[in-house]
Amino acid sequence: MTLVLNTLESGDYSEQINALLSGTDSKVEIINTAGMRIAHCIGCNQCWLKTPGVCSIKDDYESIVKKLVKTRNLWIVSDTRFRFIDYRGKKVLDRIMPMLNMYLTFRNGWMRHELRYHALNVGLIYRGIGNQELLEEWCERTAANLGGHSLGVIALDKELNGATQQVEVPSEITQAKHVVIINGSPRAKKLSNTDKILQSFTKGLEEAGATYELYSLSNRSEWDSAREAFMTHNRIIIAMPLYVECVPGTLLEFLETLPTKREQPAQLSFMLHGGFEEGRQLRLGEKFLKSLPSQFGCFYGGCLVRGGSFMIRMFNEKQTKAVLLPYRGMGEFFIEKGSFLSPELKKFTSPEQIPWPFRMLIKVLFKLVLKKKFNNFAKEWGCTKPLNSKPYK
Ligand SMILES: Cc1cc2nc3c(=O)[nH]c(=O)nc-3n(C[C@H](O)[C@H](O)[C@H](O)COP(=O)(O)O)c2cc1C
């Protein structure tokens, strides 16, 4: 079956979508998500570790997962913002985690999670201004994440395709010693790896004589203050986890609420981290982030990139300290150098790619040690089912 998730809020595009997919040999079902209750993924990990394959959020997305189990080809129809898909389009993919399980594997040399059911091919149809090249790469990567291939990326508004909104902003270095930090993780602050990373990073900031204020987007009551701080300060860092090959839908939604013009330009820098060790998993997200500051009248202050953050919140105190210590140094570095633009920061990123002998080693280690470790975590979480069970089959 071919499933189309149409996340557009206005306009009837069913005829156009059907025409675009007319060559498809399987049955096509279009679901319009506009009237459905679909929340953002909150990264609780219950669909991997507590109730394998079943999302803890009880809303209309469960009916979509039940369809995905019978689907080979998934098309997302989405509006665009910041030349990427908007938060409504991203949200339905962030919620796709129950289609994978916690166990790790390598596919085409990339570290990935095992498929819970079968491979899914992914395609994208977008309305508005999109960065075609970035969207194609993202679609390929997302499909590979789900074990399939890209079905293509199609612009509904051909004449808008390739247009840019880039504004030239000087790439100054700011000397301001007060930093506004926004944690873009949808996961509750006390459980968020980003928050733990920031706790270490801000110690470094303070050691270098800086002050900071921190807002967490997982708490909606902080959005107004975060927006106000974003508009009134000139040194801002947005820190976030990688979510389905790019930034979380929650962060995209927050960004949509920000004014795109400001009186004084500011420096906007990023800290991006992800579950997998390999730095190359994060480079597309970094590319997207690099294109953002000029769209808010800000100049780009670089992006600190590092993989391997998945286990931080499950580590004991000693392990956490060891993993987080380098971020403390980065806090000092940021104040001393003025940005994350230094080429030497490439070294901070974990290995760009895991060399194949290590991949083999990890595979063996996974079978012998890690799998058991994951199973034990799950037991501690009260899980009674195998982690690779298929609840909707
Ligand atoms: C919905 C979802 C999608 C994710 N997608 C990716 C991904 O594509 N690549 C990756 O390396 N990690 C991915 N991760 C892992 C997170 O980036 C990682 O666990 C991070 O440490 C979470 O930080 P937080 O606790 O602050 O949210 C994903 C996690 C979730 C919940």
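**Exercise 1. State which domains the assignment gives for the chain, and describe the contact between them.**

Step 1. The chain is divided into domain 1 (2-155) and domain 2 (178-349), with bounds that come from an automatic or database domain assignment. The model is predicted: local features need pLDDT of at least 70, side-chain atom pairs count only at pLDDT 80 or more, and totals for chains, interfaces and linings use all residues. Residue numbers start from 1 along each chain as its sequence is written.

Step 2. A distance of 26 Å separates the C-alpha centres of domain 1 and domain 2.

Step 3. Domain 1 gives 21 residues to the contact and domain 2 gives 23 residues; two residues are in contact if their C-beta atoms, placed from the backbone, lie within 7 Å.

Step 4. On the side of domain 1 that touches domain 2, α4 (87-94) and α5 (132-145) are the elements that give two or more residues. Helices (H or I, at least four residues) and strands (E, at least two) are DSSP runs, numbered from the N terminus. The largest share of that side, 6 residues, is from α5.

Step 5. By class, that side of domain 1 has 9 nonpolar, 4 polar and 8 charged residues. Ala, Val, Leu, Ile, Met, Phe, Trp, Tyr, Cys and Pro count as nonpolar, Asp, Glu, Lys and Arg as charged, and the others, Gly among them, as polar.

**Exercise 2. Locate the ligand relative to the two domains, and describe the shell around the ligand.**

Step 1. Both domain 1 (2-155) and domain 2 (178-349) give residues to the shell, so the ligand lies between them.

Step 2. There are 22 residues around the ligand, and Ser185, Thr194, Pro241, Gly274 and Gly275 come nearest. A residue is near a molecule if its C-beta atom, placed from the backbone, lies within 6 Å of it.

Step 3. The shell divides into 8 nonpolar, 11 polar and 3 charged residues.

**Exercise 3. Give the strand order of the open sheet of 5 strands, and find the helices that pack on the sheet.**

Step 1. The order is β10-β9-β11-β12-β13, with parallel pairing; two strands pair if DSSP finds at least two bridges between them.

Step 2. At the edges are β10 (211-216) and β13 (298-306), each pairing on one side only.

Step 3. On average, neighbouring strands of this sheet are turned by 20 degrees against each other, direction ignored. Axes are lines fitted to C-alpha atoms, for helices over the stretch in contact, and angles run from 0 to 180 degrees between N-to-C directions.

Step 4. Helix α6 (residues 193-207) packs on the sheet and touches β9 (178-183), β10, β11 (235-241) and β12, its direction making about 145 degrees with that of β11. Helix α7 (residues 223-232) also packs on the sheet, where it touches β9, β10 and β11; its direction makes about 140 degrees with that of β10.

Step 5. Strand β12 (residues 266-273) is joined to β13 by 7 bridges. Leu268 has Tyr300 in β13 as its bridge partner.

**Exercise 4. Describe the pairing of β5 and β6 and the hairpin they form.**

Step 1. Strands β5 (residues 100-107) and β6 (residues 110-115) pair antiparallel over 5 bridges.

Step 2. The bridge partner of Leu104 in β6 is His113.

Step 3. The hairpin has 2 residues between the strands, and Asn108 takes a positive phi near 50 degrees.
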